Amino acid sequence: MEARMTSPAILLPDAYKAIGALNKAISATSVPESTLELVHLRASQINGCAGCVVFGIDQAKQRGETDDRLHSVAVWRESPLFTDAERAALALTEAATRIADRPDAVTDEIWLEAVKHFGEEELAAILLMIGMTNLFNRLNVPTRQPAVKSW
């Protein structure tokens, strides 16, 4: 697939800098990088963003993530490979990514499970990762950004 245009996030240098600063702030928290990578991958799978799925898998593998866990993200509920905290983050990711699917997308049950595992700063980082991933998905899908391992 050929891109329709240069990625808007790259085309506008100030936007690229802002996204870089946001990513740095997210990474500076105590949320494990592996959890953030799982969040990114699951949101990208839901949104059908091939570029972000391939990039996310590549980044996760560079950070030591296993193929078994990466292959199981789409079926995390049925997989024994994830911790309770990772499951809470993945449930929050799905609910926050699919906010248009139901009126109360992030139910109290989902939220309270996340609160059991993460403090406010960590929840902020996870929510920002979900939001940033959804931003990239919504830029990459309509502009048909190709699936590449790193940008």
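Select Ser 79 to begin: apart from neighbours within four places in sequence, Ser 79 is in contact with Ser 72 and Arg 87. Contact means heavy atoms within 4.5 Å. This is a predicted model, in which local features need pLDDT of at least 70, side-chain atom pairs count only at pLDDT 80 or more, and totals for chains, interfaces and linings use all residues. Residues are numbered from 1 along each chain as its sequence is written, and side-chain values use heavy atoms, with hydrogens and water left out.

Stay on Ser 79. Ser 79 sits in the loop between α5 and α6. Helices (H or I, at least four residues) and strands (E, at least two) are DSSP runs, numbered from the N terminus. Ser 79 is buried, at a relative accessible area of 6%. Buried means under 20% relative accessible area, exposed over 50%, and partly exposed in between (1.4 Å probe, protein chains only).

**Next stop: Glu 94**

Select Arg 77 and Glu 94. They form a salt bridge, with the closest N and O atoms 2.8 Å apart. A salt bridge is a side-chain nitrogen of Lys or Arg within 4 Å of a carboxyl oxygen of Asp or Glu. This pair links distant parts of the chain: Arg 77 lies in the loop between α5 (67-72) and α6, Glu 94 in helix α6, 17 residues apart.

**Other charged pairs**

Select Lys 61 and Asp 67. Their salt bridge has its closest N and O atoms 2.9 Å apart. Lys 61 is partly exposed at 41% relative accessibility, and Asp 67 is partly exposed at 38%. Then pick Glu 33, Glu 37 and Arg 63: salt bridges that share partners join them into one network. How many salt bridges does the structure hold? There are 9.

**Helix pair: α6 and α8**

Show residues 84-97 (α6) and 120-143 (α8). The two helices pack at an angle of about 45°, with axes 10 Å apart. Axes are lines fitted to C-alpha atoms, for helices over the stretch in contact, and angles run from 0 to 180 degrees between N-to-C directions. That angle makes α6 oblique to α8. Under 35 degrees counts as roughly parallel, over 145 as roughly antiparallel, 65 to 115 as roughly perpendicular, and the rest as oblique.

Show side chains at the contact. On α6, pick Ala 89, Leu 92, Thr 93, Ala 96 and Thr 97; they meet α8 residues that include Leu 123, Ile 126, Asn 134 and Arg 138.

**Last stop: Thr 143**

Select Thr 143, in helix α8. Thr 143 is buried, at 9% relative accessibility. Beyond neighbours within four places in sequence, Thr 143 is in contact with Ala 3, Arg 4, Met 5 and Pro 8. Finally, draw a distance to Gly 56: the C-alpha atoms of Thr 143 and Gly 56 are separated by 18 Å, and the residues are 87 apart along the chain.
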